[in-house]
Amino acid sequence: MHGMNRRQFVSRMSAVAAGAALWSAASYDRALAVTAARAVRTRGTTLEQAARPVGTGAYKRLVAGPGWPLVVRGDLAGAGAGRDDRRTGLASFVQFTDLHLADVESPVRFEYLARFNDSAHRPQEALTVRGASSLVERVNAVRQGPYTGLPFGSVMATGDNTDNHERIELDWYLTVMSGGRITPSSGDPRRYEGVQNSGNAAYWNPESTLQDAYKAKGLPQIPGFLSGAARPFSAPGLSVPWYTTVGNHDDSIEGTLPDLGLLGSLYTGDRKLEGCDDATAARLSDALKHDPAQAATLLGSLLSGGGAIRKITPDERRHPFTPTEFAKAHLDPAYTGAGPVGHGFTSDAAESGRLYYTFPLAEGVLGVSLDTTNRAGWADGSLGTAQLHWLESVLQSHSSRWYDIDGRTVRGSGGGDCLIVLFSHHTSASMGNLLPDPYRPFEARHDGKALVDLLQRYPNVVAWVNGHTHENRITPHGHAVPERAFWEINTASHVDFPQHARIIELADNGDGTLSLFTTLIESAAPYVADVTDTSDAGLAALYRELSYNDPYATPDAKIGTPADHNTELLLTRPGK
């Protein structure tokens, strides 16, 4: 094993969530042994090994550290003895989230706000496309759930698949998922035209000797980095069916400003804003969070001469896409890959812009993909009344019984029961954006609590899987009636460290309980990066290491606790 040993790792651990313990070095080894003994196979997952930072300098190197043991969480139901011997696997699938495939040369970006908002610019973001393809490679290699042994039935990407909802970013996303040749560059293919060769010391200029603010934090000089990042490569594409859920970055300008069709000429133009004074940057950063209209006004004034403007090569492929175009692109036969056609979206969805749907996760297990974006702007989300009513009709059509708002049992008149897993971009805690949708101004919006309340009336709902926060967090939604409880599973992004995806397996324990196994995976990139290696694999390794060393990010805060990593989540099996 390279780098940190188990004793060093244990010495760095802090207090963890309820249900997990602070392991000693010996108990950590025992936990890993039990984890491996209970699994069918741990290879290629963080049950086997996980990236760890080492070193005492400002810039930390990443190495392969010890795996993370399985944590059994009995918040919602007890863990019965002998359940491993009785277990029947029901479903096995993978969640991708927050890939943020970024056109880093686009004119409509806010890199100059990075010191106020870490997501505005990341030193590693020129490598997002290669990093995502390396994650696909990992899924193709692992192939099956570590606890049920079931082959993956599908992959679901839970939103923010693009960074700035540009057509070229959507093309990159669809090609990464389905396979094909990609040139991860826009504008002039012969040269890079973004902030990272601007000569502006506020940015990391990786190919230059300039002593910029990022090199002062330890980031290295890497000759050939930008040309390597833009080099064409062949993406293998997923070997299993895949589906898409929409996120706010797939719907609005930088995931924040409402796109009313007014800024298309800025996207495709030849003027890129690379900086402004600190006072204006602070005002714009605040407006992006609290006042989209003021943000649009400030942005317009900066582009009219109030900031540092760079002339770049215009590119029509940067034009932002509409919800209808988003769905239609998924229906293009060029992007079918391992299927299904449309990846959840139908021609009706494309015509209506209704980006929510159901799909089969496995026999007897239904997936429901929601659209929690709010086209009025801001990063957080909500649900419109029409979608909430649609969701309730779906829940009823797949349940033989449920509870009304007063807690009384209701018997359905329709079909049989399915266990139900919901997918959305936003979490229950990030669905407080109740601004009226400008395209449906008279429709009410509903927050995360309203959705939780609805889901707890339907015992067949076992999990809600989401992203958006860029952190690992698993939340129990308990209820006085045990069968009305469910788990919310939130997974970190694949643009910020720790760059995780998550395997989720559903199993029947044969004792009146179900188990959800959640296992984190990393990309197929080597753990140890080499600054002289700009091969595809070398760049993917640098993508991970640079994400940990982003001076404006807080990587350790996004990792979560052991109780948010590799877990067995128990819950009561719904009755008949």
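## Helix 4 and residue R130

R130 is a residue of helix 4. The structure described here is a predicted model. With a relative accessibility of 4%, R130 counts as buried, because this value falls under 20%.

The side chain of R130 forms a polar contact with the side chain of D536, at 2.9 Å. Apart from neighbours within four places in sequence, the residues in contact with R130 are P184, G228, A229, R231, P232, F233, D536 and L539.

## Packing of helix 4 against helix 14

Two packed helices are described by the angle between their axes and the distance between the axes. For helix 4 (residues 128-142) and helix 14 (residues 536-548), the axes come within 9 Å and cross at roughly 100 degrees. The two helices are therefore roughly perpendicular to each other, since the range for this class is 65 to 115 degrees.

Helix 4 contributes T128, R130, G131 and S134 to the contact, and helix 14 contributes D536, L539, A540 and Y543. By residue class, the contact comprises 3 nonpolar, 3 polar and 2 charged residues. R130 and D536, which belong to this contact, are also joined by the side-chain polar contact at 2.9 Å.

## The largest nonpolar core

In soluble globular proteins, nonpolar side chains tend to be buried together. In this model, the largest nonpolar core has 63 residues, and those with the most contacts inside it are F96, V155, Y173 and V421. Helix 5 (residues 167-178) gives the most to this core, with 7 residues.

Beyond neighbours within four places in sequence, V155 is in contact with V94, F96, V139, M177, L238, V240, P241, W242 and Y243. F96, one of these partners, is likewise listed among the core residues with the most contacts.

E483 is placed in the loop between strand 19 (473-477) and strand 20 (486-490). Its relative accessible area is 9%, so E483 is buried. A polar atom of the E483 side chain lies 3.0 Å from the backbone nitrogen of G575. When neighbours within four places in sequence are set aside, E483 is in contact with R401, Y403, P459, T572, P574 and G575.

Y439 occupies the loop between strand 16 (419-423) and strand 17 (445-446). At 41% relative accessibility, Y439 counts as partly exposed. The C-alpha atoms of Y439 and A376 are separated by 8.5 Å, although the two residues are 63 residues apart along the chain.

Technical notes
Residues are numbered from 1 along each chain as its sequence is written. This is a predicted model: local features need pLDDT of at least 70, side-chain atom pairs count only at pLDDT 80 or more; totals for chains, interfaces and linings use all residues. Side-chain values use heavy atoms; hydrogens and water are left out. Axes are lines fitted to C-alpha atoms, for helices over the stretch in contact, and angles run from 0 to 180 degrees between N-to-C directions. Helices (H or I, at least four residues) and strands (E, at least two) are DSSP runs, numbered from the N terminus. Angles under 35 degrees count as roughly parallel, over 145 as roughly antiparallel, 65 to 115 as roughly perpendicular and the rest as oblique. Contact means heavy atoms within 4.5 Å. Ala, Val, Leu, Ile, Met, Phe, Trp, Tyr, Cys and Pro count as nonpolar, Asp, Glu, Lys and Arg as charged, and the others, Gly among them, as polar. Buried means under 20% relative accessible area, exposed over 50%, partly exposed in between (1.4 Å probe, protein chains only). A polar contact is a pair of N or O atoms within 3.5 Å; within protein, one must be able to donate a hydrogen and the other to accept it, and residues adjacent in sequence count only if both atoms are side-chain atoms. A nonpolar core is a set of buried Ala, Val, Leu, Ile, Met, Phe, Trp, Tyr and Cys residues joined through side-chain atoms within 4.5 Å.
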